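Student: Could you walk me through this model? I'd like to go feature by feature.

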Amino acid sequence: MVHCCVIGCNSRSERKLENITFHSFTKDTTLRDSWITSTGRRNWTPGKNTRICSKHFTENCFKRTQRMTFLNASSVPTLFIHRFPIHSDGNPRVEISSTCVTTDPIMQHKSYVDKPSTSTKSIEMDIIKHPTHEAVTTPTMTPRKKKLIKKLNRQTILAESRKKKLAIVRSKCRRIEKKNAELSAIIEKLQSKNLINQETADFLSLIDHQKTDFLQSNKSKFSPEVRKFALNLHFISPRAYNFVRQSFNTCLPHARTLARWYETVDGEPGFCSESLAALKLLVKNAKSERKWICGLCFDEMAIRKSVQWNGRNYIGYVNYGSQLESDAIPIAKEALVFMLTSINGSWKLPVGYFLINGVTAEQKAALVKICIDLVSGCGLDIVAVTFDGCPANFSMAKLLGCDIESDIINPVFTHNGKKVAIFPDPSHMLKLVRNTLGDKTFLTSEKGQISWNYIQLLVELQENEGLHLANKVRGVHINYRKQVMKVRLASQLFSESVADAIESCCEDLRLEQFNKCDATVDFIRQFNALFDILNSRNLKSYGYKKPISLKNYEGVKEYLENAYSYIKSLKLGSDNILITNRKTGFLGFLICIKTILFLYEELVKTEKIDFLSSYKLSQDHLEIFFSAVRSKGGFNNNPTATQFKSAFKRLLVHGELKNLTTGNCVPLSDINILIHSRPEVAINNTTDRNRLIENDEEILQSLDNEVVVPKDHDYLADPTRLTEYAKQVIIYIAGFVVTKLETQLKCEQCLSTLRSPEKLNNTFLIRKDKGGLCHPSKHVVILCEIAEEVYRKNKMLKKKDLLHHLLQKCLKKCIGLRLFSADYHFADLTHYSLLLKAICKKYLNVRIHYATKLMINNDDNIRNMYTKLILFKGQ
């Protein structure tokens with residue numbers, strides 16, 4: 001307990017008086033004596049714990065902050081309220097202090113208060129020191145004056161009480177404003193700790209619209225906005241949820257509360273009532289009178305074979321929506337999931353799942369019909385059903401009423417007076433076509449023999465040369481059997497770049513091993529363009545990648561009809577491909593062609609939609625959902641039936657809470673692996689200025705000396721000598737180098753030397769150019785060839801500064817060469833040396849980046865193979 005040492009002052013820390021602070025004695029000896037005299041004590045020395053309260057100092061003596069109150073160094077106590085005993089004569093004994101001064105009129109009148117006393121009475125009175133140092137005695141206390149003083153005291157106490165309440169309210173407001181102001185900082189901190197990404201940060205910023213709701217703690221009920229925010233944030237990142245909850249003083253509900261909210265969702269096998277209710281609400285709240293048009297897709301996901309007891313019944317047995325009690329029911333090893341994707345909107349929603357252990361075509365057909373009826377009852381139309389290449393799915397299509405075996409394929413069936421088309425997933429069909437060509441190695445078309453061998457020869461040529469003809473085909477693409485499920489390998493194999501590379505080897509480089517490759521090149525191009533049409537998504541795309549609309553329909557229709565005839569003419573051996581046991585992929589593409597033409601007539605031509613994006617009919621949306629389910633298990637990507645049910649409920653709630661007018665797919669983003677290099681920056685900094693850096697004397701001292709050094713042992717094969725194939729690829733890479741430098745350089749004269757005024761005589765570059773490729777100048781090509789020779793000779797070096805070492809060797813080779821035009825600004829040769837460095841460095845960065853990827857162990861990757869094996873075995 002701390003108390004004031006001034007005689008007559010009753011201030012103590014235990015009373016917790018408002019705005020009263022206690023201060024230690026000053027260490028200044030001159031002022032310290034004045035402090036001791038001011039206490040009214042004689043022959044007394046203060047201790048280290050002695051304090052004087054703030055009532056004895058004027059306001060200008062203080063320096064106040066939000067939390068602390070300090071005294072100025074020159075402050076001296078000058079205000080005093082002493083208690084003096086009243087003698088029997090009724091007059092108080094007054095002692096005058098030479099430092100006792102007060103100017104507060106309230107304090108002057110506040111002392112005249114009668115207080116009852118027994119033997120000894122005391123009153124509070126003010127002693128005012130006048131300039132003449134004469135004491136002013138207390139006037140006589142009249143009844144009227146006593147009444148006024150009492151009234152004044154009551155008003156003073158009331159004012160102090162209200163002032164205290166006002167301070168509490170202001171402090172509370174400051175705390176609330178402080179929390180609101182720090183919300184953006186919390187989001188930034190979440191991002192800095194990699195707890196959330198930019199998309200999640202944008203979502204968290206929505207809390208700004210509900211500040212007051214989120215800052216109220218200990219609430220019995222949470223608003224819908226808080227429930228939406230809490231469920232979505234906890235779904236995205238539990239760690240970020242806990243961080244926000246702790247930072248905002250438990251403004252969000254506890255995780256156990258979220259679990260109770262999830263319990264309101266049934267989540268049992270069958271068609272989900274919550275999904276159907278959400279669809280009805282979507283139709284009801286539609287702003288326009290248009291009708292939602294959807295595509296239905298279904299697929300099986302492998303789950304772990306396991307049976308668990310949840311306290312009421314067993315979970316893990318086969319369940320089609322009504323749990324049966326029988327010992328003969330097998331354990332489920334798959335989950336059959338149905339999902340809706342909007343064609344004229346940007347939303348998707350799982351509508352149900354079933355635990356199965358294999359399902360027949362009849363069962364699938366019945367489930368599809370039930371799903372169509374339920375969705376139609378909600379006010380939406382299903383126009384297409386998407387599935388993969390499982391044989392049972394094609395049998396299901398026959399049972400639904402589709403004709404897929406006759407010469408005239410009809411992929412449309414009618415259900416309750418509505419036409420619905422089947423749509424085999426193009427990605428799965430492309431993998432089946434790749435598997436057929438890779439396993440059988442030969443097919444036959446009207447142009448000749450289609451051979452898998454040409455693709456293998458291209459891969460071998462590119463690996464031997466260490467350079468690629470602008471394609472992504474590697475060894476993993478031809479050894480695909482351990483990664484047979486990856487669509488990326490098939491789509492990169494059947495691409496325009498692979499067709500151009502094979503054709504260039506045959507016609508431009510005239511390599512004998514690529515003779516008679518016309519049929520193979522045509523086969524690759526046919527399926528590349530067909531896959532683009534069946535996977536269109538962006539209106540800003542070009543060619544066949546653009547969605548089908550009134551503007552491009554005629555061209556697309558003509559190509560689809562030609563592709564239809566081309567596929568029907570293919571043969572495996574002497575038999576038509578459609579009557580062999582490897583027909584599924586080719587038949588699937590034929591059905592897709594018919595379905596796309598049917599949907600255009602039904603939707604675009606009737607103006608129900610403006611364009612048809614075929615990607616919305618893809619099964620990719622369901623595959624993304626499966627990935628999300630597996631990710632909920634953490635390190636376990638093979639969930640049991642119980643875990644699948646829990647993940648399904650969470651994903652379902654998350655999907656319903658998201659705005660159904662916006663898509664929830666992750667957008668593709670470009671990844672730029674090139675960084676700004678110092679030569680380009682130096683050129684920009686020295687443009688139109690005096691010399692700011694020293695020239696490279698080693699290069700400049702021999703610029704005018706044209707020295708040609710003959711090569712020793714020229715009769716031997718030089719491993720660094722560039723073949724015609726390598727030169728073709730180097731020119732292509734040189735165009736890429738120029739394109740990158742043009743985005744970084746600002747010197748107009750330097751930029752003018754990079755491009756060639758006329759197209760180079762490079763057949764491969766001309767073949768690849770669709771109007772956007774860069775044709776580099778011959779001097780840039782020379783520098784890139786020099787860099788390639790240096791790289792081939794020193795690529796085995798593993799130095800810490802490898803790039804700098806290779807760059808110096810390139811610059812040495814440039815000595816004696818007259819590069820770039822004569823009107824180049826050689827007045828300041830700084831730009832010349834920096835431009836040489838920039839070109840060589842950019843080219844070497846490309847080559848080293850590719851070489852680094854090859855350093856990885858090229859042994860067969862068995863992780864993916866065994867992972868799939870475990871999933872499909874239900875272990």
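**Surface patch, strands and cysteines**

Tutor: Val-307, Trp-309 and Tyr-314 make a nonpolar surface patch of about 320 Å². Patch residues have over 30% relative accessible area and no salt bridge; like charges are joined within 9 Å, nonpolar side chains (Val, Leu, Ile, Met, Phe, Trp, Tyr) within 5 Å. Areas come from the Shrake-Rupley method with a 1.4 Å probe, and for residues only the protein chains shown count as cover; a salt bridge is a side-chain nitrogen of Lys or Arg within 4 Å of a carboxyl oxygen of Asp or Glu. Keep in mind this is a predicted model: local features need pLDDT of at least 70, side-chain atom pairs count only at pLDDT 80 or more, and totals for chains, interfaces and linings use all residues. Residues are numbered from 1 along each chain as its sequence is written, and side-chain values use heavy atoms, leaving out hydrogens and water.

Student: Is Tyr-314 buried, partly exposed or exposed?

Tutor: Buried means under 20% relative accessible area, exposed over 50%, and partly exposed in between (1.4 Å probe, protein chains only). Tyr-314 has 46% relative accessibility, so it counts as partly exposed.

Student: Which strand does Leu-336's bridge partner, Phe-354, sit in?

Tutor: Strands are DSSP runs (E, at least two residues) and helices are too (H or I, at least four), numbered from the N terminus. Two strands pair if DSSP finds at least two bridges between them; here eight bridges join strand 11 (residues 334-342) to its antiparallel partner, strand 12. Phe-354, the partner of Leu-336, is in strand 12.

Student: How many residues of strand 12 are buried?

Tutor: Strand 12 (residues 348-356) is largely enclosed by the rest of the structure, because its buried residues number nine of the nine.

Student: How many disulfides does a search of the whole structure find?

Tutor: A disulfide is a covalent bond between the sulfur atoms of two cysteines. The cut-off here is a pair of cysteine sulfur atoms within 2.5 Å. The search finds zero.

Student: Which residues does Ser-504 touch, not counting residues up to four places away in sequence?

Tutor: Ser-504 lies in helix 17 (residues 496-507) and is buried, with a relative accessible area of 1%. Contact means heavy atoms within 4.5 Å. With that sequence exclusion, Ser-504 touches Leu-509, Phe-764 and Arg-767.
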